[in-house]
There are 2 protein chains.
Amino acid sequence: MDFVASVVSGIATLTQTMEDGRRQMVGLLLPSDFVGRPGRDTAAYDVVATTDLVMCCFRRKPFEDLILTTPHVGQRLLEMTLDELDAAREGMLLLGRKTAREKIASLIAILARRDASLKQSSSVGRVVVDLPLTREAMSEYLGLTLETVSRQISALRKEGVIEIEGKRHIIIPDFDLLVEEAGDDSDGGFLV
Amino acid sequence: MDFVASVVSGIATLTQTMEDGRRQMVGLLLPSDFVGRPGRDTAAYDVVATTDLVMCCFRRKPFEDLILTTPHVGQRLLEMTLDELDAAREGMLLLGRKTAREKIASLIAILARRDASLKQSSSVGRVVVDLPLTREAMSEYLGLTLETVSRQISALRKEGVIEIEGKRHIIIPDFDLLVEEAGDDSDGGFLV
DNA sequence: CGTCAACTTGATGCTATTCAACTTTGGTGG
DNA sequence: CCACCAAAGTTGAATAGCATCAAGTTGACG
């Protein structure tokens, strides 16, 4: 990688792959997210667009110079990196300790919140989201198989936690209920 | 938290807890690691010393000023944060896709490498490590129960991948074999 | 020598995986 | 326009792997 970039529109995923093909998503790149690693020139992850994607790219060298000469850019980048670190650690809790059902509920809640913050709408009461990921991509994010993802989505639907139109369009009648199913603190103390 | 710190000697853990008590370790703080979050004043994690611990602490406000006035300090901090991010993502792969056996092998390999890099010895062939964690702490790191940790350590011992003296002293006759059991690339392409 | 925390081991149960068949959806060309 | 096809998703049955519950064992320390 000899450039860094910022996502303008669309969605991409950051994935790590083992020798035998097992895959784990380690980051979800949504609009406003930063991609790339100043100070290192090899990329340890696969970046894959899951929708049409527009990124704003910068050559890495000039960008690194910019950081050194403009303290505020460096500081902003540090802040964003710390946010990504928080997200990764949230992911560790999800992967290590949550049940399949909680994982699905968590993912839907994350996507709904990100979507709401982009549109500057609020995520309380009745909320609507379009899943930008296939069941397989969700399974890679959640450390599950795609069958388990499908089953748990069906279970949440049958119990009225979510409603589904088509395959990807989700209606959340009561966002707090979903958050409760996710096993998170009710306040949902979120950082981004 | 109104201070940040650097670990001088000893070992601490960074842990996240769910309402019902489930715990997931999200970071292992070894000598030279940085603790704290400039720019944010609430700590989302529990920091727990697992051995006698010496840390070098700084008040947060003056430290934040230092970052702004001294670009190189900020840049170094960004680098360290990016390394932590890599470690967290490595953790996501471990938690999401590795088997219990692979998780144990991975943890022992990580500890052996960190130990070797501190002592500036190399981690090839015959390697010796003292586990600085209880079985319970290991289970919190690996997203397992302590019983599973114990069983998998016994299994690795029975198969000759490791030898054990006492409860914590581990001898690794062939480090490459251990790395293979961990499911990582054979080159062990490591970043720290 | 008794006590306690750390650890080990066994038996059983449950959750998520695996393998397999089937359904739905959106796109393509006759 | 619709028949066909591939990709995505659903559902079922059987199984594997880890969790849970329950005894034990070991070793350090007073």
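This is a predicted model: local features need pLDDT of at least 70, side-chain atom pairs count only at pLDDT 80 or more; totals for chains, interfaces and linings use all residues.

Colleague: What is the radius of gyration of chain A, and what does the globule rule give?
Modeller: Let's start with the contacts: of those in chain A with a separation of 6 or more, 66% join residues 24 or more positions apart. Chain A is as compact as a globular protein of that length, because its radius of gyration is close to what the globule rule gives for 192 residues. The two values are 18 Å for chain A and 16 Å for the rule.

Colleague: Moving to chain B, why is strand β3 (residues 23-29) largely enclosed by the rest of the structure?
Modeller: A residue counts as buried when its relative accessible area is under 20%. Strand β3 of chain B has seven residues, and it is largely enclosed because the number of them that are buried is six.

Colleague: In which sense do β2(B) and β3(B) pair, and over how many bridges?
Modeller: Strand β2 of chain B covers residues 12-17. Leu14(B) stands opposite Gly27(B) in β3(B). The hairpin of β2(B) and β3(B) has five residues between the strands, and Gly21(B) takes a positive phi near 100° there. The pairing itself is antiparallel, over six bridges.

Colleague: Now the DNA! Which element gives the most to the surface near DNA strand C?
Modeller: Around DNA strand C there are 18 residues, and among those that come nearest are Thr148(A) and Ser150(B). The one that gives the most, with five residues, is α5(B).

Colleague: What share of the atoms of DNA strand C within 4 Å of the protein belongs to sugar or phosphate?
Modeller: On the phosphate side, a backbone N or O atom of Ala100(A) lies 2.8 Å from a phosphate oxygen. On the base side, an N or O atom in the side chain of Glu147(A) is 3.2 Å from a base nitrogen. Bases make up the rest of those atoms, while the share of sugar or phosphate is 62%.

Colleague: And for DNA strand D, which element gives the most to the nearby surface?
Modeller: DNA strand D is surrounded by 17 residues, with Arg135(A) and Ser150(A) among the closest. Polar side-chain atoms of Arg135(A) and Ser150(A) each lie 2.7 Å from a phosphate oxygen of DNA strand D. Here α5 of chain A and α5 of chain B are the elements that give two or more residues. With five residues, the one that gives the most is α5(A).

Colleague: Last one: how many residues of the surface near DNA strand D are charged?
Modeller: Arg151(A) has a polar side-chain atom 2.8 Å from a base nitrogen of DNA strand D. By class, this surface divides into three nonpolar residues and seven polar ones, and its count of charged residues is seven.

Definitions and conventions
Residues are numbered from 1 along each chain as its sequence is written. Chains are lettered from A and ligands numbered from 1 in the order in which they are written. Side-chain values use heavy atoms; hydrogens and water are left out. Buried means under 20% relative accessible area, exposed over 50%, partly exposed in between (1.4 Å probe, protein chains only). Helices (H or I, at least four residues) and strands (E, at least two) are DSSP runs, numbered from the N terminus. Two strands pair if DSSP finds at least two bridges between them. A residue is near a molecule or strand if one of its heavy atoms lies within 4 Å of it. A polar contact is a pair of N or O atoms within 3.5 Å; within protein, one must be able to donate a hydrogen and the other to accept it, and residues adjacent in sequence count only if both atoms are side-chain atoms. Ala, Val, Leu, Ile, Met, Phe, Trp, Tyr, Cys and Pro count as nonpolar, Asp, Glu, Lys and Arg as charged, and the others, Gly among them, as polar. The radius of gyration is taken over C-alpha atoms; the globule rule is 2.2 Å times the number of residues to the power 0.38. Contact means heavy atoms within 4.5 Å.
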